[in-house]
Amino acid sequence: MKLVITKKTKLCDLEAGSLFMTPDMECLALKSEYRTDKGAIEAYIVGSGEFFWGGTSDPITQRNLPVFEIKLIK
């Protein structure tokens, strides 16, 4: 299997269950279907399981972060 970048988009525009990577290619994460009480998208870093904030602590900024959508290809 290969990981393939399919498009650049905002975190909020990805479908739940999508893998994504930050533009600096430093972080691979998974977007969940859930939101925090303050509106942050619950996404988790694949390597550590930590909550993905993308270098911010503001939910609105986090939602609008640019990311690359990743697909698994056989």
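Begin by colouring the strands, where you will find an open sheet of five strands in the order E1-E5-E2-E3-E4, with antiparallel pairing; strands here are DSSP runs of E with at least two residues, numbered from the N terminus, and two of them pair if DSSP finds at least two bridges between them. This is a predicted model, in which local features need pLDDT of at least 70 and side-chain atom pairs count only at pLDDT 80 or more, while totals for chains, interfaces and linings use all residues. Residues are numbered from 1 along each chain as its sequence is written, and side-chain values use heavy atoms, with hydrogens and water left out.

Next, select residues 2–10 and 41–45, which are the edge strands E1 and E4, each pairing on one side only. Looking across the sheet, the twist averages 40° from one strand to the next, where axes are lines fitted to C-alpha atoms and angles run from 0 to 180 degrees between N-to-C directions.

Now select strand E2, residues 19–21, which pairs with E3 in the antiparallel sense over three bridges, and find Leu 19, whose bridge partner in E3 is Leu 30. Six residues lie between E2 and E3 in their hairpin, and Met 25 in the turn has a positive phi of about 60°.

Move on to strand E3, residues 28–35, which pairs with E4 in the antiparallel sense over four bridges. Stay on Leu 30, whose bridge partner in E4 is Tyr 44, and then go to Ala 29, which stands opposite Ile 45 in E4. Finish at the hairpin of E3 and E4, where five residues separate the strands and Gly 39 takes a positive phi near 100°.
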